There are 4 protein chains.
Amino acid sequence: MADKTGIWLVGARGAVATTVAVGMTALQKRAVDRVGLVTELPMLRELPLASWDQLVVGGHELRRGNLVDGAAALARDNRLFTPELLAACREELVEIDSRIRPGIHFRGGDAAPAGQDATRRVESPRVGIERIKNDLLDFRQANNLGRVVVVLLASTEPETPRAALPDRWGDLRLTLETNAACVLRSSSLYAIAALELGHPLINFTPSLGSDCTAIGELALERGACHAGRDGKTGETLLKTVLAPMFAARNLEVMSWVGHNILGNADGRVLDHPEHKQAKLQSKDSALSKMLGYDPQSLVSIEYIKSLGDWKTAWDHVHFKGFLGTPMTLQFTWQGCDSALAAPLVIDLARLADHAARRGETGALTYLASFFKRPYGANNEDFFSQLGTLAEYVRGVLEGDPPRTGS
Amino acid sequence: MADKTGIWLVGARGAVATTVAVGMTALQKRAVDRVGLVTELPMLRELPLASWDQLVVGGHELRRGNLVDGAAALARDNRLFTPELLAACREELVEIDSRIRPGIHFRGGDAAPAGQDATRRVESPRVGIERIKNDLLDFRQANNLGRVVVVLLASTEPETPRAALPDRWGDLRLTLETNAACVLRSSSLYAIAALELGHPLINFTPSLGSDCTAIGELALERGACHAGRDGKTGETLLKTVLAPMFAARNLEVMSWVGHNILGNADGRVLDHPEHKQAKLQSKDSALSKMLGYDPQSLVSIEYIKSLGDWKTAWDHVHFKGFLGTPMTLQFTWQGCDSALAAPLVIDLARLADHAARRGETGALTYLASFFKRPYGANNEDFFSQLGTLAEYVRGVLEGDPPRTGS
Amino acid sequence: MADKTGIWLVGARGAVATTVAVGMTALQKRAVDRVGLVTELPMLRELPLASWDQLVVGGHELRRGNLVDGAAALARDNRLFTPELLAACREELVEIDSRIRPGIHFRGGDAAPAGQDATRRVESPRVGIERIKNDLLDFRQANNLGRVVVVLLASTEPETPRAALPDRWGDLRLTLETNAACVLRSSSLYAIAALELGHPLINFTPSLGSDCTAIGELALERGACHAGRDGKTGETLLKTVLAPMFAARNLEVMSWVGHNILGNADGRVLDHPEHKQAKLQSKDSALSKMLGYDPQSLVSIEYIKSLGDWKTAWDHVHFKGFLGTPMTLQFTWQGCDSALAAPLVIDLARLADHAARRGETGALTYLASFFKRPYGANNEDFFSQLGTLAEYVRGVLEGDPPRTGS
Amino acid sequence: MADKTGIWLVGARGAVATTVAVGMTALQKRAVDRVGLVTELPMLRELPLASWDQLVVGGHELRRGNLVDGAAALARDNRLFTPELLAACREELVEIDSRIRPGIHFRGGDAAPAGQDATRRVESPRVGIERIKNDLLDFRQANNLGRVVVVLLASTEPETPRAALPDRWGDLRLTLETNAACVLRSSSLYAIAALELGHPLINFTPSLGSDCTAIGELALERGACHAGRDGKTGETLLKTVLAPMFAARNLEVMSWVGHNILGNADGRVLDHPEHKQAKLQSKDSALSKMLGYDPQSLVSIEYIKSLGDWKTAWDHVHFKGFLGTPMTLQFTWQGCDSALAAPLVIDLARLADHAARRGETGALTYLASFFKRPYGANNEDFFSQLGTLAEYVRGVLEGDPPRTGS
């Protein structure tokens, strides 16, 4: 396994991507330990995954700015990264920054990031896709890469109604020719570009990306694999661990309230109602599936500037025990969003790269434990999702043939 | 399955046993739904378990008093049970009360319940055991029972050092002849009595009960089965769900602090240092096994009278994520101890009865998910313990022969 | 002080009023202690307040039903009141119920209580006011009362824009003749009725009631006194205690987030956006006044059915200390809304009765500590508000002449 | 007011003192705003307090090390101070460090800081006191200071039983001649040294310092002033704000549980039972005084290494409202201990300097709001303590003569 793999981050100067850039550099320099990386756990270390030195980071971004300043701002505002670490990584961050290309912007919603370059609006979706493909081809060639894993990390888009989407790739493809005909948004154009080139696609955002039947068909047609949707980093992770516990003890959840507050760019975008809607849908869908009934459920996300990247969630679970006795579990989660998400991005890039090397195609359903709304999986229980991953690893080690989507 | 099974509660007028008595009656009358009962979940409903009408409750108790008054006090002080339910169950509670016999008291520690009948101190452990056996035989005969499941529910005893215990039943048995020679305490005498009669024994307390090699040998010798130790109802349940989550995400737990406050008799006993020690040991042992390393850990239990049966736990988990970023999870659990424990007691009695009918012997390790320190199991992870139970059920349904201990 | 005083509750079968009825009865029977009653504190016990036996409860209500069933439902759903207490108070509750008259309904908003009697819609505001006055006169006569304190307890109405209200009573009065001309809602009609009769008026709700210049003028004209707005029972009470603490230590509050969840009728009404708006305004206005600057602030109230009368608030205060160090205070308040509000209603009725006896007129600003948006007071700090009350008591005891509004 | 004032920190390289040194430097450079400084609030800014440039920092320390490294370690371990700030203050920190003299060690208890210089044990208490006085005189002379405020910041000592202390200074003084005769510990020797020189003394620690009748007599004799005991920075501050709220609403506190966890040197010392005892006494005494009765109360402090300087407190207040309804308030406080304490140290030094300039003597009881166990004050309520301070300021501004102790 001598060749190299690119990690192409869409939203390459956002907080998560910046943390990926700093983290990848720190790992390559052996300047940090492997805490937070799932692929470094005993279970997954058996797989022949790319080493740190085989991974090269690049990406698309709408905003101006540079990674060094962005990382310094993250460090200052969130007490994230030590100054020593930033100083040690400076040179490599400049290099990664030089591989960032201006992204495209297509129906991104009201809350698209300020400071974006208006010229990035595309004449047609197809034109945008071709620009992206050119950038990916350049990245591959310039860095002599065996393949490129494209990871969607840009801000949450408004929800696209599924009813508006054609079921067949042939039909959807036709809508790409004019702006008027196309209901897709940027995230899906990036996804189409990646998959048309046969590259693996990871959708770490709540946006649509490749999560529709027609784009799934494209992936299979090109022999590409993909996984997503919406990285499971904090409150939802806890939900998918705790709800099965209530179910396993036959304790009846009467209501589950979750309030999330955060102050990063992600939070600012979610302050726009149509963007928030997409996010809330992600966070809420799992509960009734895990419990087998539908308790009253409330999820809110609010932008609180002072918190920066520190997402704080308060969950209040009101449940009924034996003889109808009402009881309560409350938790408060105080997590640094980028530090939770970045290692999962690296994990997913390594696992998607591995899948592509093996010739796997279609939705990588065994990656469900990483996502809030896992592609093609109908299992919301975290430990059960982990079981699926463990089974996959066992299969690979025992020589199973690659899984191909249907 | 026409015959009846007795549930013999040691500590039959304590809060948990009182709730079992009210709950069993309410279930027999179809006056409550099945919330809180694990054996009523789809997974376990396939097993041929005893129906509510086949179960008869009796027990031993040191304290005077009666179940009707005790239940009324529990209702008043803890806002547990509705007055309607108590009124409906009154007659049956009087009947159960009539089946309660004075218990024995042997080296119970400083905090043995006040008001106990001094005459219950026994001349020798063997004399105590024989008295218990007589009571069990009477119970069985008077109620025409196929078998009796003995469930230990009495107050936590001081820890007995394992080093002081002989490894062979033959040697231990000899020590039962004189008070001076015997290091066992009441809980183990009850366990020996049950097992010598071939009855299943459930140790729901943190006390030793049958949890030593020599008594395990006795169980096998008599073809009896047993399970325990210390019902997993609240904070520890959460720990065995959350710690595996941190492990699965490679998040490093730096410290885990758990403070428990409660105001019932169990709490009052734990206020005595030597009794508390036994309890804390139960609560703390699991963590490093689940994580694979040993974070700083602190568990406290304090008696706060005003809380009554409402155990409140505050846990503070300080963990390290990617790039060394420190983060925090806190939870507060407000649970009614008796309402959490009672249905598990009923579940365990039904499952142990089922095991005995099948001829299973020795430690029922597949019941690990019910306990803080599961007999014979080395798995602390709740969902993995549940997997073992599911596997057992599958085996039974597929016609596997009964498991016999080794 | 031989004569009697009536307490007329508008919304007389709601949860708070029901608790007032049970509580007053229990106090008259000496069946409960005086916990929760501010007027029973040493500071206020010096005042010649009406004794329990001098107080007679009646009221208006739109909903059908009766107090006995309502109290039983409150007890069952919220584990409030013991069955013994309810049984002991049954007869008196029936009697109070017989004094409840059908209320009126005028522009009550979308969320006006279901089951209301449609015939209570009035032909004109003035007709409604006269009906109310007749009921009050009947109540006074039938029970031989020296005076009647009217207390508004009905569900929150939508906010009425102040700009739409005339400044002079003469002008406002004219608008009462036709439905079309009048922007007031029911709460203000009740207030006008009380004040026109010279009775004291307590506005315990977030609704407008008498809180406008013109109705204030009416009060002075008739020599009546009034106080309000929106009883300060839980989260806001804490806010007005904690915000001054941050101010006094020069700790800079960067953001204050408060999420309230509750499941009673009050909560159900607040689920309607226009009603909620009025409530949130109450809860939020105080913060910047107490701090002297305007931190980001968020308050939400959500209806969570399972909680019933148990209002749970989670507040997250993010503040900056020396050298810009960000720190956090979080609190969770679990209070039974009716049990918190009812004693304050009794306190306010006694204090308003006392004021009326003394001949005080206009806004009783020394009652600010009881309210979220105190009439005529510009002091939000709870302890400073208490200081004003203490000063008033001192003045009364030292023989100061009655305060009359200006 | 042209002359300069020294601030002499006993425990000059501990976390609080280091933060004082960094903070004073930053204030002198106008590199930080005045958040956290009580003396910068409008109420106190009227007083003629020393400006930043008039203050010079020095101190005693047992441990080796230097302020620059200590500050860097604090920044790294606790995400306290930005690297930019530390870089800017470096030169001044070196200078302050050069003014630190080796302290003395006398009966400091088991947990006296490791790495201390054994030679600092003194031949007799009097010898130790004279050494301290020499250091203070040198400091004053070398820096041309008008006066020196001595601030005790060293680790908590074991409690000294009051019964063992003579009531008269004349008697206590005699015990200072031999180690055997003297029951005082280091903190009191420092206090005596300061007061014998007529310098103001601030006891910010839970240790005895000058808090006994005999040393109080010394202060008066020398015309010196002093204040203390145990800076009120976090959980106790909240307690003295919230308990009066419960009292003012006649809500009966049934139990108050406070668990504190922290990981700094202060925490490590408190892990030793005899040291912890002194601290707990400070934290607990106030409750029953504020409430007027004695609820069950529990306070714990535990050393949790990973938390560093971030003290986290969880308090659970169980209270009873109207009709006996039990309710709950919980709070979690996450504060950086040094950042909370340091500005108060600066405030107290300025206020004590001001008092000394005015010729005030004895216990400065108007400083009660700064302390957990205020010298000579019997008022525990925070806002009432603030009232005393406001009254003092008013008096000063109106030209009252200096207060002298009695």
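Across the interface of chain B and chain A, zero salt bridges are found, a salt bridge being a side-chain nitrogen of Lys or Arg within 4 Å of a carboxyl oxygen of Asp or Glu. The structure is a predicted model, in which local features need pLDDT of at least 70, side-chain atom pairs count only at pLDDT 80 or more, and totals for chains, interfaces and linings use all residues. Residues are numbered from 1 along each chain as its sequence is written, chains are lettered from A and ligands numbered from 1 in the order in which they are written, and side-chain values use heavy atoms, with hydrogens and water left out.

**The interface of chains B and A**

Polar contacts are present between these two chains: 14 residue pairs, both at pLDDT 80 or more, are counted. A polar contact is a pair of N or O atoms within 3.5 Å; within protein, one must be able to donate a hydrogen and the other to accept it, and residues adjacent in sequence count only if both atoms are side-chain atoms. The elements of chain B that give two or more residues to this side include helix H1 (15-28), helix H13 (337-358) and strand E10 (326-336). Helices (H or I, at least four residues) and strands (E, at least two) are DSSP runs, numbered from the N terminus. The largest share, 11 residues, comes from E10(B). By residue type, the side of chain B that touches chain A divides into 40 nonpolar, 13 polar and seven charged residues. Here Ala, Val, Leu, Ile, Met, Phe, Trp, Tyr, Cys and Pro count as nonpolar, Asp, Glu, Lys and Arg as charged, and the others, Gly among them, as polar.

Strand E10 of chain A runs antiparallel to E10(B), and seven bridges join the two; strands pair if DSSP finds at least two bridges between them. Within this pairing, A:Trp333 stands opposite B:Leu329.

**Two interfaces in figures**

The table uses contact (heavy atoms within 4.5 Å) and buried area, the accessible area (1.4 Å probe) that two parts lose on being put together, summed over both.

| Chains | Residues in contact | Buried area | On carbon and sulfur atoms |
|---|---|---|---|
| B and A | 60 of chain B, 60 of chain A | about 4700 Å² | 70% |
| D and B | 26 of chain D, 26 of chain B | about 2000 Å² | 62% |

Between chain D and chain B the count of salt bridges is zero, while 11 residue pairs, both at pLDDT 80 or more, are in polar contact. Strands E7 (252-262), E8 (296-303), E9 (310-320) and E10 (326-336) of chain D each supply at least two residues of the side that touches chain B. That side divides into nine nonpolar, 14 polar and three charged residues.

**Details within chain C**

C:Glu40 lies in the loop between helix H1 (15-28) and helix H2 (42-45) of chain C. This residue is buried, with a relative accessible area of 9%; buried means under 20% relative accessible area, exposed over 50%, and partly exposed in between (1.4 Å probe, protein chains only). The side chain of C:Glu40 makes a polar contact of 2.8 Å with the side chain of C:Arg350. Among the other residues that C:Glu40 touches are C:Trp52 and D:Asn250.

Helix H8 (213-222) of chain C has buried residues that include C:Ile215 and C:Leu218. Their cover includes helix H6 (169-175), helix H7 (186-196) and strand E6 (225-228) of chain C. Strand E6(C) is itself covered on both faces, with C:Cys225 and C:Ala227 buried on one side and C:His226 and C:Gly228 on the other. Strand E5 (201-203) of chain C pairs with E6(C) in the parallel sense over three bridges, and C:Ile202 stands opposite C:Ala227.

Methods:
Lists of a residue's contacts leave out its neighbours within four places in sequence.
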